[in-house]
Amino acid sequence: MEFWRGSVFYEIYMKSFQDSNSDGLGDFVGLTSRLDYLADLGVNGIWLTPFYPSPQVDNGYDVSDYCEINPDYGNMTDFREFMKAADERGIKVIIDLVLNHSSTEHVWFKESRKNKTNSKRDYYIWREKPNNWESFFGGSAWELDELTGEYYYHSFAKEQADLNWSNQAVREEIEQILAFWLNEGVAGFRLDVINNLTLVLEFPDNPLVDGEMEHVYDRNQQGLELALEDIASFCRKEREVFLVGEISSDKLPEIAKYSSEKMLDVTFNFNFGSVEQIDAKSVFTSLNEMETALNEGQWPTLFFGSHDMSRFLTRLADGNLSKTKLLAFLMLTAKGVPFIYYGEEVGLPDLPFSSVKEMRDIQGTNAYYQALKTGSNEEDALKIAIGKTRDKARGPMVFPDKRPFTLDEPWIKMASLKEEETLSMWQFYKTLLAFRKVHDFKEKEYAFLRLDGEILSYQRGEFLFLLHFGEGKVLYPLSGQKELVFGEADMLETGIRLGAYTGIALRVED
(Lines give C-alpha, C1' and ligand atoms only; values in the text may rest on other atoms or scores of the structure.)
Protein backbone atom coordinates (compact mmCIF):
# COMPACT_ATOMS: atom_id res chain seq x y z
CA MET A 1 0.00 0.00 0.00
CA GLU A 2 1.34 3.46 -0.91
CA PHE A 3 2.52 5.43 2.13
CA TRP A 4 0.25 8.39 1.36
CA ARG A 5 -2.99 6.43 1.28
CA GLY A 6 -3.25 6.16 5.06
CA SER A 7 -1.41 9.37 5.90
CA VAL A 8 -2.58 12.70 7.29
CA PHE A 9 -0.79 15.71 5.80
CA TYR A 10 -0.36 19.07 7.50
CA GLU A 11 0.00 22.15 5.32
CA ILE A 12 2.45 24.76 6.59
CA TYR A 13 2.43 28.28 5.22
CA MET A 14 6.13 29.04 5.61
CA LYS A 15 5.86 32.70 6.58
CA SER A 16 3.44 32.04 9.38
CA PHE A 17 4.46 28.95 11.32
CA GLN A 18 7.40 29.73 13.65
CA ASP A 19 10.01 32.50 13.63
CA SER A 20 13.41 31.67 15.13
CA ASN A 21 15.39 34.88 14.55
CA SER A 22 12.84 37.58 15.51
CA ASP A 23 12.40 39.06 12.04
CA GLY A 24 8.63 38.46 12.03
CA LEU A 25 8.78 35.66 9.45
CA GLY A 26 8.57 31.90 9.91
CA ASP A 27 11.70 29.96 8.93
CA PHE A 28 13.21 26.48 8.77
CA VAL A 29 14.94 26.66 12.13
CA GLY A 30 11.64 27.65 13.73
CA LEU A 31 9.80 24.91 11.86
CA THR A 32 12.36 22.30 12.97
CA SER A 33 11.84 23.38 16.58
CA ARG A 34 8.13 22.58 16.18
CA LEU A 35 8.46 19.08 14.74
CA ASP A 36 7.87 17.50 18.15
CA TYR A 37 4.60 19.43 18.31
CA LEU A 38 3.55 17.93 14.95
CA ALA A 39 4.67 14.43 15.95
CA ASP A 40 2.71 14.77 19.19
CA LEU A 41 -0.33 15.95 17.22
CA GLY A 42 -0.08 12.77 15.16
CA VAL A 43 0.38 13.82 11.53
CA ASN A 44 2.31 11.62 9.09
CA GLY A 45 3.27 14.20 6.49
CA ILE A 46 3.98 17.89 5.93
CA TRP A 47 3.21 19.95 2.85
CA LEU A 48 5.37 23.07 2.65
CA THR A 49 4.28 26.09 0.65
CA PRO A 50 7.02 27.69 -1.52
CA PHE A 51 10.26 28.53 0.29
CA TYR A 52 12.34 29.48 -2.77
CA PRO A 53 13.91 32.87 -3.51
CA SER A 54 11.11 35.14 -4.69
CA PRO A 55 10.20 38.82 -4.96
CA GLN A 56 7.08 37.80 -2.98
CA VAL A 57 4.63 39.43 -5.38
CA ASP A 58 2.41 36.39 -4.84
CA ASN A 59 3.79 35.26 -1.48
CA GLY A 60 6.38 32.91 -2.94
CA TYR A 61 4.38 31.52 -5.84
CA ASP A 62 6.56 33.75 -8.04
CA VAL A 63 9.80 31.75 -7.98
CA SER A 64 13.09 33.36 -9.02
CA ASP A 65 15.31 30.32 -8.28
CA TYR A 66 13.87 26.81 -8.08
CA CYS A 67 16.89 25.18 -6.44
CA GLU A 68 17.66 27.52 -3.56
CA ILE A 69 16.21 28.62 -0.22
CA ASN A 70 14.79 32.09 0.32
CA PRO A 71 17.16 33.76 2.83
CA ASP A 72 14.07 34.87 4.79
CA TYR A 73 13.54 31.19 5.65
CA GLY A 74 17.19 30.20 6.17
CA ASN A 75 19.60 28.33 3.93
CA MET A 76 20.15 24.87 2.48
CA THR A 77 21.82 23.67 5.68
CA ASP A 78 18.72 24.67 7.64
CA PHE A 79 16.54 22.84 5.12
CA ARG A 80 18.63 19.68 5.38
CA GLU A 81 18.53 19.79 9.18
CA PHE A 82 14.77 20.10 8.97
CA MET A 83 14.50 17.14 6.57
CA LYS A 84 16.72 15.01 8.82
CA ALA A 85 14.69 15.89 11.91
CA ALA A 86 11.38 15.18 10.13
CA ASP A 87 12.69 11.80 8.97
CA GLU A 88 13.74 10.91 12.52
CA ARG A 89 10.13 11.47 13.58
CA GLY A 90 8.68 9.44 10.72
CA ILE A 91 7.22 12.50 9.02
CA LYS A 92 7.26 12.63 5.21
CA VAL A 93 7.74 16.01 3.52
CA ILE A 94 6.18 17.13 0.24
CA ILE A 95 6.94 20.52 -1.23
CA ASP A 96 5.09 22.99 -3.43
CA LEU A 97 6.38 23.33 -6.98
CA VAL A 98 5.18 26.09 -9.28
CA LEU A 99 5.79 24.74 -12.77
CA ASN A 100 3.21 26.80 -14.63
CA HIS A 101 5.09 30.08 -14.31
CA SER A 102 8.22 31.67 -12.90
CA SER A 103 8.96 35.09 -11.54
CA THR A 104 9.97 37.69 -14.10
CA GLU A 105 13.07 38.00 -11.89
CA HIS A 106 14.13 34.46 -12.81
CA VAL A 107 17.29 34.33 -14.90
CA TRP A 108 15.37 32.48 -17.64
CA PHE A 109 12.98 35.38 -18.10
CA LYS A 110 15.72 37.98 -17.90
CA GLU A 111 17.43 36.19 -20.78
CA SER A 112 14.17 35.64 -22.63
CA ARG A 113 13.35 39.33 -22.82
CA LYS A 114 16.81 40.46 -24.02
CA ASN A 115 16.01 39.92 -27.69
CA LYS A 116 13.85 37.80 -29.97
CA THR A 117 16.68 35.44 -30.90
CA ASN A 118 17.88 34.69 -27.37
CA SER A 119 18.18 30.97 -26.58
CA LYS A 120 15.73 31.40 -23.69
CA ARG A 121 13.17 33.39 -25.72
CA ASP A 122 10.89 30.39 -26.22
CA TYR A 123 11.01 29.45 -22.53
CA TYR A 124 8.04 31.84 -22.28
CA ILE A 125 5.05 32.74 -24.43
CA TRP A 126 5.47 35.85 -26.57
CA ARG A 127 3.11 37.47 -29.09
CA GLU A 128 3.10 40.59 -31.19
CA LYS A 129 -0.54 41.25 -30.36
CA PRO A 130 -2.57 40.13 -27.33
CA ASN A 131 -5.90 38.33 -27.52
CA ASN A 132 -8.72 38.82 -24.97
CA TRP A 133 -7.45 36.36 -22.36
CA GLU A 134 -7.72 37.60 -18.80
CA SER A 135 -5.46 36.88 -15.87
CA PHE A 136 -6.98 34.81 -13.07
CA PHE A 137 -6.04 37.77 -10.85
CA GLY A 138 -8.02 40.18 -13.06
CA GLY A 139 -7.09 42.37 -16.02
CA SER A 140 -5.34 41.34 -19.22
CA ALA A 141 -3.16 38.22 -19.20
CA TRP A 142 -0.73 39.97 -21.56
CA GLU A 143 1.96 42.47 -20.63
CA LEU A 144 3.87 44.60 -23.15
CA ASP A 145 7.63 44.34 -22.76
CA GLU A 146 9.01 47.52 -24.28
CA LEU A 147 12.50 46.09 -24.74
CA THR A 148 11.39 43.89 -27.66
CA GLY A 149 7.97 45.39 -28.32
CA GLU A 150 6.14 42.09 -27.76
CA TYR A 151 3.68 40.86 -25.14
CA TYR A 152 4.36 37.98 -22.76
CA TYR A 153 1.61 35.81 -21.28
CA HIS A 154 0.91 35.63 -17.55
CA SER A 155 -2.11 33.68 -16.34
CA PHE A 156 -1.68 35.26 -12.90
CA ALA A 157 0.24 38.44 -11.91
CA LYS A 158 2.29 40.25 -14.56
CA GLU A 159 5.36 39.37 -12.49
CA GLN A 160 4.55 35.65 -13.01
CA ALA A 161 5.37 34.83 -16.62
CA ASP A 162 3.98 31.52 -17.89
CA LEU A 163 6.49 28.91 -19.00
CA ASN A 164 6.16 27.47 -22.49
CA TRP A 165 5.56 23.75 -22.00
CA SER A 166 5.55 23.14 -25.74
CA ASN A 167 9.33 23.75 -25.57
CA GLN A 168 11.33 20.56 -24.90
CA ALA A 169 14.13 22.60 -23.32
CA VAL A 170 11.70 23.85 -20.65
CA ARG A 171 10.62 20.31 -19.82
CA GLU A 172 14.25 19.24 -19.47
CA GLU A 173 14.93 22.16 -17.12
CA ILE A 174 11.95 21.08 -14.99
CA GLU A 175 13.27 17.53 -14.79
CA GLN A 176 16.52 18.85 -13.36
CA ILE A 177 14.53 20.74 -10.71
CA LEU A 178 12.52 17.63 -9.81
CA ALA A 179 15.72 15.56 -9.59
CA PHE A 180 17.36 18.17 -7.34
CA TRP A 181 14.64 18.05 -4.70
CA LEU A 182 14.16 14.29 -4.92
CA ASN A 183 17.87 13.99 -4.22
CA GLU A 184 17.29 16.16 -1.13
CA GLY A 185 14.87 13.50 0.13
CA VAL A 186 11.44 15.02 -0.40
CA ALA A 187 8.64 12.46 -0.56
CA GLY A 188 6.62 14.23 -3.22
CA PHE A 189 5.34 17.41 -4.76
CA ARG A 190 2.21 19.50 -4.65
CA LEU A 191 1.98 20.88 -8.20
CA ASP A 192 0.47 24.35 -8.32
CA VAL A 193 -2.31 25.13 -10.89
CA ILE A 194 -0.96 22.23 -12.91
CA ASN A 195 -3.85 22.16 -15.41
CA ASN A 196 -2.76 25.56 -16.74
CA LEU A 197 0.42 24.11 -18.26
CA THR A 198 -0.90 23.74 -21.80
CA LEU A 199 -2.71 26.26 -23.99
CA VAL A 200 -4.34 26.45 -27.41
CA LEU A 201 -1.34 27.97 -29.16
CA GLU A 202 -3.43 29.48 -31.94
CA PHE A 203 -4.68 31.80 -29.16
CA PRO A 204 -8.37 32.16 -30.06
CA ASP A 205 -10.33 34.61 -27.92
CA ASN A 206 -12.07 33.12 -24.89
CA PRO A 207 -15.86 33.48 -24.92
CA LEU A 208 -17.62 35.89 -22.58
CA VAL A 209 -20.80 34.79 -20.80
CA ASP A 210 -22.79 37.55 -19.07
CA GLY A 211 -19.67 39.67 -19.09
CA GLU A 212 -17.57 36.98 -17.37
CA MET A 213 -14.74 35.23 -19.18
CA GLU A 214 -15.00 31.48 -19.73
CA HIS A 215 -11.46 30.06 -19.58
CA VAL A 216 -11.97 27.67 -22.47
CA TYR A 217 -8.62 27.84 -24.28
CA ASP A 218 -6.16 28.66 -21.48
CA ARG A 219 -6.40 25.57 -19.26
CA ASN A 220 -7.07 21.79 -19.53
CA GLN A 221 -5.75 21.69 -23.08
CA GLN A 222 -4.42 18.92 -25.31
CA GLY A 223 -1.06 17.62 -24.18
CA LEU A 224 -1.67 18.08 -20.47
CA GLU A 225 -2.17 14.38 -19.74
CA LEU A 226 1.07 13.55 -21.57
CA ALA A 227 2.93 16.26 -19.64
CA LEU A 228 1.65 14.84 -16.33
CA GLU A 229 2.55 11.31 -17.36
CA ASP A 230 6.07 12.46 -18.20
CA ILE A 231 6.42 14.21 -14.82
CA ALA A 232 5.11 11.14 -12.97
CA SER A 233 7.30 8.73 -14.89
CA PHE A 234 10.40 10.83 -14.25
CA CYS A 235 9.69 11.20 -10.52
CA ARG A 236 8.96 7.52 -9.95
CA LYS A 237 11.95 6.03 -11.74
CA GLU A 238 13.65 4.95 -8.51
CA ARG A 239 11.08 5.10 -5.69
CA GLU A 240 7.55 5.92 -4.66
CA VAL A 241 6.89 9.66 -4.99
CA PHE A 242 3.59 11.25 -3.94
CA LEU A 243 2.19 13.65 -6.55
CA VAL A 244 -0.64 16.01 -5.62
CA GLY A 245 -2.25 18.25 -8.22
CA GLU A 246 -3.98 21.56 -7.70
CA ILE A 247 -6.50 21.75 -10.53
CA SER A 248 -7.92 25.25 -11.01
CA SER A 249 -11.50 24.05 -11.19
CA ASP A 250 -14.38 23.05 -8.94
CA LYS A 251 -15.81 20.67 -11.56
CA LEU A 252 -15.29 17.14 -10.32
CA PRO A 253 -14.92 15.36 -13.71
CA GLU A 254 -12.23 17.90 -14.63
CA ILE A 255 -10.47 17.41 -11.31
CA ALA A 256 -10.72 13.62 -11.33
CA LYS A 257 -9.40 12.91 -14.82
CA TYR A 258 -5.83 13.83 -13.88
CA SER A 259 -5.70 11.27 -11.06
CA SER A 260 -4.56 7.84 -12.28
CA GLU A 261 -1.75 5.32 -11.97
CA LYS A 262 0.17 7.08 -14.76
CA MET A 263 -0.42 10.67 -13.67
CA LEU A 264 -1.12 12.28 -10.28
CA ASP A 265 -1.83 10.22 -7.18
CA VAL A 266 -4.51 12.65 -6.03
CA THR A 267 -6.00 15.98 -7.03
CA PHE A 268 -7.51 18.52 -4.68
CA ASN A 269 -11.30 18.20 -4.67
CA PHE A 270 -12.29 21.87 -4.46
CA ASN A 271 -15.91 20.92 -5.11
CA PHE A 272 -15.77 19.34 -1.63
CA GLY A 273 -13.36 21.52 0.33
CA SER A 274 -13.89 25.10 -0.80
CA VAL A 275 -17.68 25.35 -0.59
CA GLU A 276 -19.31 28.35 1.09
CA GLN A 277 -21.86 26.37 3.10
CA ILE A 278 -22.29 22.76 4.10
CA ASP A 279 -24.89 20.34 5.44
CA ALA A 280 -25.45 16.61 5.61
CA LYS A 281 -27.05 16.39 2.16
CA SER A 282 -24.29 18.34 0.39
CA VAL A 283 -21.60 16.25 2.08
CA PHE A 284 -23.37 13.02 1.17
CA THR A 285 -23.73 14.17 -2.43
CA SER A 286 -20.06 15.19 -2.66
CA LEU A 287 -18.76 11.93 -1.18
CA ASN A 288 -20.90 9.91 -3.58
CA GLU A 289 -19.85 12.01 -6.56
CA MET A 290 -16.18 11.48 -5.68
CA GLU A 291 -16.74 7.72 -5.49
CA THR A 292 -18.33 7.78 -8.94
CA ALA A 293 -15.94 10.17 -10.68
CA LEU A 294 -12.60 8.77 -9.54
CA ASN A 295 -11.00 5.89 -11.40
CA GLU A 296 -10.85 2.54 -9.62
CA GLY A 297 -8.18 2.59 -6.93
CA GLN A 298 -7.93 6.39 -6.88
CA TRP A 299 -8.68 8.30 -3.71
CA PRO A 300 -10.15 11.74 -3.06
CA THR A 301 -8.56 14.44 -0.96
CA LEU A 302 -10.33 15.68 2.16
CA PHE A 303 -9.81 19.24 3.36
CA PHE A 304 -11.73 22.35 4.29
CA GLY A 305 -8.89 24.85 4.43
CA SER A 306 -5.73 25.98 2.66
CA HIS A 307 -3.65 29.09 2.09
CA ASP A 308 -6.05 30.07 -0.72
CA MET A 309 -9.37 30.02 1.11
CA SER A 310 -11.12 31.33 4.20
CA ARG A 311 -10.67 29.23 7.34
CA PHE A 312 -13.52 26.80 7.77
CA LEU A 313 -14.21 27.69 11.40
CA THR A 314 -15.29 31.08 10.03
CA ARG A 315 -16.59 30.14 6.60
CA LEU A 316 -18.51 26.93 7.34
CA ALA A 317 -19.03 26.83 11.10
CA ASP A 318 -19.70 30.50 11.94
CA GLY A 319 -17.30 30.14 14.86
CA ASN A 320 -19.22 27.18 16.33
CA LEU A 321 -16.62 24.80 17.83
CA SER A 322 -18.96 21.79 17.79
CA LYS A 323 -19.61 22.20 14.07
CA THR A 324 -15.90 22.76 13.46
CA LYS A 325 -15.07 19.53 15.29
CA LEU A 326 -17.72 17.66 13.29
CA LEU A 327 -16.13 18.77 10.01
CA ALA A 328 -12.71 17.73 11.33
CA PHE A 329 -14.20 14.35 12.27
CA LEU A 330 -15.52 13.99 8.72
CA MET A 331 -12.18 14.95 7.20
CA LEU A 332 -10.28 12.42 9.33
CA THR A 333 -12.67 9.45 9.13
CA ALA A 334 -14.12 9.51 5.60
CA LYS A 335 -12.33 7.78 2.74
CA GLY A 336 -9.53 9.91 1.34
CA VAL A 337 -6.24 11.65 2.06
CA PRO A 338 -6.78 14.39 4.70
CA PHE A 339 -4.93 17.71 4.60
CA ILE A 340 -5.03 19.73 7.83
CA TYR A 341 -4.22 23.40 7.31
CA TYR A 342 -1.98 24.73 10.06
CA GLY A 343 -3.93 26.28 12.89
CA GLU A 344 -7.13 24.34 12.31
CA GLU A 345 -6.19 22.14 15.25
CA VAL A 346 -6.27 25.14 17.59
CA GLY A 347 -9.29 26.84 16.05
CA LEU A 348 -7.62 29.71 14.20
CA PRO A 349 -10.31 31.96 12.67
CA ASP A 350 -10.09 34.28 9.69
CA LEU A 351 -8.09 37.45 10.20
CA PRO A 352 -10.30 40.57 10.24
CA PHE A 353 -9.19 43.61 8.21
CA SER A 354 -10.12 47.24 8.78
CA SER A 355 -7.91 48.64 6.02
CA VAL A 356 -6.32 47.49 2.78
CA LYS A 357 -3.00 48.54 4.35
CA GLU A 358 -3.26 45.50 6.63
CA MET A 359 -3.35 43.16 3.59
CA ARG A 360 -0.35 41.63 1.85
CA ASP A 361 -2.02 39.43 -0.77
CA ILE A 362 -1.98 40.74 -4.34
CA GLN A 363 -5.36 39.17 -5.05
CA GLY A 364 -7.00 41.29 -2.35
CA THR A 365 -5.10 44.52 -2.97
CA ASN A 366 -5.65 44.28 -6.74
CA ALA A 367 -9.38 43.81 -6.15
CA TYR A 368 -9.43 46.90 -3.93
CA TYR A 369 -7.78 49.23 -6.41
CA GLN A 370 -9.72 47.82 -9.37
CA ALA A 371 -12.94 48.47 -7.45
CA LEU A 372 -11.89 52.08 -6.83
CA LYS A 373 -11.13 52.49 -10.55
CA THR A 374 -14.62 51.30 -11.49
CA GLY A 375 -16.34 53.77 -9.15
CA SER A 376 -16.64 52.03 -5.78
CA ASN A 377 -16.10 54.07 -2.65
CA GLU A 378 -13.40 53.06 -0.17
CA GLU A 379 -15.80 51.22 2.12
CA ASP A 380 -17.26 49.11 -0.69
CA ALA A 381 -13.82 48.54 -2.20
CA LEU A 382 -12.59 47.21 1.15
CA LYS A 383 -15.53 44.80 1.35
CA ILE A 384 -14.65 43.53 -2.13
CA ALA A 385 -10.98 43.18 -1.13
CA ILE A 386 -11.89 41.27 2.04
CA GLY A 387 -13.94 38.89 -0.10
CA LYS A 388 -10.99 38.31 -2.43
CA THR A 389 -7.94 38.36 -0.16
CA ARG A 390 -6.32 35.09 0.81
CA ASP A 391 -4.63 36.76 3.78
CA LYS A 392 -7.63 35.86 5.97
CA ALA A 393 -6.19 32.37 6.39
CA ARG A 394 -2.50 33.27 6.48
CA GLY A 395 -2.16 34.69 9.97
CA PRO A 396 0.70 33.54 12.24
CA MET A 397 0.29 30.29 14.14
CA VAL A 398 -0.85 30.35 17.77
CA PHE A 399 0.42 27.34 19.71
CA PRO A 400 -1.17 25.76 22.79
CA ASP A 401 2.07 26.12 24.76
CA LYS A 402 1.84 29.94 24.45
CA ARG A 403 5.35 30.21 22.99
CA PRO A 404 4.97 33.19 20.65
CA PHE A 405 5.24 33.00 16.89
CA THR A 406 7.84 35.79 16.96
CA LEU A 407 9.50 38.13 19.45
CA ASP A 408 9.21 40.98 16.93
CA GLU A 409 6.38 42.44 14.86
CA PRO A 410 4.84 39.64 12.72
CA TRP A 411 4.77 40.08 8.95
CA ILE A 412 0.96 40.29 9.12
CA LYS A 413 -1.49 40.84 11.97
CA MET A 414 -2.31 37.98 14.35
CA ALA A 415 -5.63 36.47 15.36
CA SER A 416 -6.69 36.42 18.99
CA LEU A 417 -7.86 33.13 20.50
CA LYS A 418 -9.60 32.05 23.68
CA GLU A 419 -7.30 29.69 25.58
CA GLU A 420 -10.09 27.32 26.60
CA GLU A 421 -11.27 26.93 23.00
CA THR A 422 -7.71 26.48 21.74
CA LEU A 423 -7.03 23.64 24.17
CA SER A 424 -10.40 22.02 23.44
CA MET A 425 -9.72 21.95 19.69
CA TRP A 426 -6.14 20.75 20.18
CA GLN A 427 -7.20 17.87 22.43
CA PHE A 428 -9.96 16.86 20.01
CA TYR A 429 -7.59 16.70 17.03
CA LYS A 430 -4.92 14.88 19.00
CA THR A 431 -7.38 12.27 20.30
CA LEU A 432 -8.95 11.78 16.88
CA LEU A 433 -5.57 11.40 15.14
CA ALA A 434 -4.48 8.89 17.80
CA PHE A 435 -7.69 6.90 17.22
CA ARG A 436 -7.07 6.99 13.48
CA LYS A 437 -3.46 5.87 13.87
CA VAL A 438 -4.31 2.87 16.09
CA HIS A 439 -7.02 1.45 13.84
CA ASP A 440 -6.74 0.37 10.22
CA PHE A 441 -10.04 1.80 8.87
CA LYS A 442 -8.09 4.64 7.24
CA GLU A 443 -7.15 2.45 4.27
CA LYS A 444 -10.56 0.79 3.86
CA GLU A 445 -13.20 1.38 1.20
CA TYR A 446 -16.76 2.23 2.20
CA ALA A 447 -18.91 -0.78 3.02
CA PHE A 448 -21.81 1.68 2.65
CA LEU A 449 -22.51 5.40 2.62
CA ARG A 450 -25.98 6.61 3.70
CA LEU A 451 -27.98 9.68 4.54
CA ASP A 452 -30.90 9.62 6.98
CA GLY A 453 -32.26 13.11 7.51
CA GLU A 454 -29.39 15.09 8.99
CA ILE A 455 -27.35 12.01 9.91
CA LEU A 456 -24.60 10.86 7.56
CA SER A 457 -23.32 7.34 8.13
CA TYR A 458 -20.59 5.22 6.59
CA GLN A 459 -18.85 2.00 7.49
CA ARG A 460 -15.17 1.38 6.86
CA GLY A 461 -13.76 -1.91 8.08
CA GLU A 462 -15.17 -2.75 11.50
CA PHE A 463 -16.15 0.83 12.26
CA LEU A 464 -19.47 2.58 11.74
CA PHE A 465 -19.28 6.37 11.71
CA LEU A 466 -22.32 8.52 12.47
CA LEU A 467 -22.26 12.28 11.85
CA HIS A 468 -25.18 14.43 12.98
CA PHE A 469 -25.29 17.78 11.13
CA GLY A 470 -28.39 19.10 12.88
CA GLU A 471 -29.12 21.12 15.98
CA GLY A 472 -30.70 19.56 19.05
CA LYS A 473 -30.71 15.86 19.86
CA VAL A 474 -31.82 13.03 17.59
CA LEU A 475 -32.39 9.30 18.09
CA TYR A 476 -30.80 7.03 15.50
CA PRO A 477 -32.15 3.46 15.54
CA LEU A 478 -29.54 0.71 15.66
CA SER A 479 -29.79 -3.05 15.98
CA GLY A 480 -27.20 -5.56 17.09
CA GLN A 481 -24.27 -5.14 19.44
CA LYS A 482 -22.36 -1.88 19.03
CA GLU A 483 -19.46 -0.47 21.04
CA LEU A 484 -18.94 3.29 21.22
CA VAL A 485 -15.21 3.80 20.63
CA PHE A 486 -14.96 7.50 19.81
CA GLY A 487 -17.12 10.50 20.70
CA GLU A 488 -20.02 11.00 23.07
CA ALA A 489 -23.59 9.73 22.70
CA ASP A 490 -26.34 8.06 24.74
CA MET A 491 -26.54 4.31 24.10
CA LEU A 492 -30.18 3.21 24.45
CA GLU A 493 -32.02 -0.07 23.88
CA THR A 494 -33.79 1.47 20.88
CA GLY A 495 -30.70 3.04 19.35
CA ILE A 496 -28.28 5.85 19.95
CA ARG A 497 -29.03 9.47 20.78
CA LEU A 498 -26.74 12.04 19.20
CA GLY A 499 -26.29 15.64 20.24
CA ALA A 500 -26.02 18.64 17.93
CA TYR A 501 -23.12 18.55 15.48
CA THR A 502 -21.78 15.27 16.81
CA GLY A 503 -19.55 12.68 15.21
CA ILE A 504 -19.02 9.23 16.72
CA ALA A 505 -17.40 5.91 15.85
CA LEU A 506 -18.90 2.53 16.75
CA ARG A 507 -17.27 -0.88 16.52
CA VAL A 508 -19.70 -3.29 14.90
CA GLU A 509 -19.87 -7.07 14.95
CA ASP A 510 -19.07 -9.02 11.79
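Predicted model: local features only at pLDDT ≥ 70, side-chain atom pairs only at ≥ 80, totals over all residues.
Residues are numbered from 1 along each chain as its sequence is written, and side-chain values use heavy atoms, with hydrogens and water left out.

The structure holds one cavity of 30 Å³ or more, and the largest cavity has about 40 Å³ of space in it. On terms: we use a 1 Å grid over the protein atoms alone, and a cavity is a set of points where a 1.4 Å probe fits but cannot get out, while a pocket is an open set with protein on both sides within 12 Å along at least five of seven lines. Lining residues have an atom within 4 Å of a point. Grid points are joined across faces, edges and corners, and a volume is the space filled by probe spheres set on the points.

Who lines the largest cavity? Arg 311, Phe 312, Leu 313, Thr 324, Glu 344, Gly 347 and Leu 348.

Next, the second largest pocket, at about 340 Å³. It has 13 lining residues, and Phe 428, Gly 487, Glu 488, Thr 502 and Gly 503 lie nearest its centre. Two or more lining residues come from each of α11 (321–333), α14 (419–438) and β23 (502–508); helices here are DSSP runs of H or I with at least four residues, strands are runs of E with at least two, and both are numbered from the N terminus. The biggest giver to this lining is α11, with four residues. By class, the pocket lining has six nonpolar, five polar and two charged residues.

Now, how do α11 and α14 sit together? Their axes come within 11 Å and cross at roughly 20 degrees, and that makes α11 roughly parallel to α14. Axes are lines fitted to C-alpha atoms, for helices over the stretch in contact, and angles run from 0 to 180 degrees between N-to-C directions. Under 35 degrees we say roughly parallel, over 145 roughly antiparallel, 65 to 115 roughly perpendicular, and the rest oblique. The α11 and α14 crossing is right-handed; that's the near helix turned clockwise from the far one by less than a right angle, with anticlockwise being left-handed. In the contact (heavy atoms within 4.5 Å), α11 residues including Thr 324, Ala 328 and Phe 329 meet α14 residues including Met 425, Phe 428 and Leu 432. That contact divides into ten nonpolar, three polar and three charged residues.

Compare α12 (residues 362–373) and α13 (residues 378–388), which pack at about 150 degrees with axes 8 Å apart. These two are therefore roughly antiparallel, and their crossing is right-handed. Gly 364, Ala 367 and Ala 371 are among the α12 residues there, with Ala 381, Leu 382 and Ala 385 among those of α13. The class count is eight nonpolar, two polar and two charged.

Last stop, Ser 64, in the loop between β2 (45–48) and α3 (76–88). His 106 is 42 residues away along the chain, yet the C-alpha atoms of the pair are separated by 4.1 Å. Beyond its neighbours within four places in sequence, Ser 64 has contacts that include Pro 53, Ser 103, His 106 and Val 107.

Definitions and conventions
Nonpolar A, V, L, I, M, F, W, Y, C, P; charged D, E, K, R; others polar.
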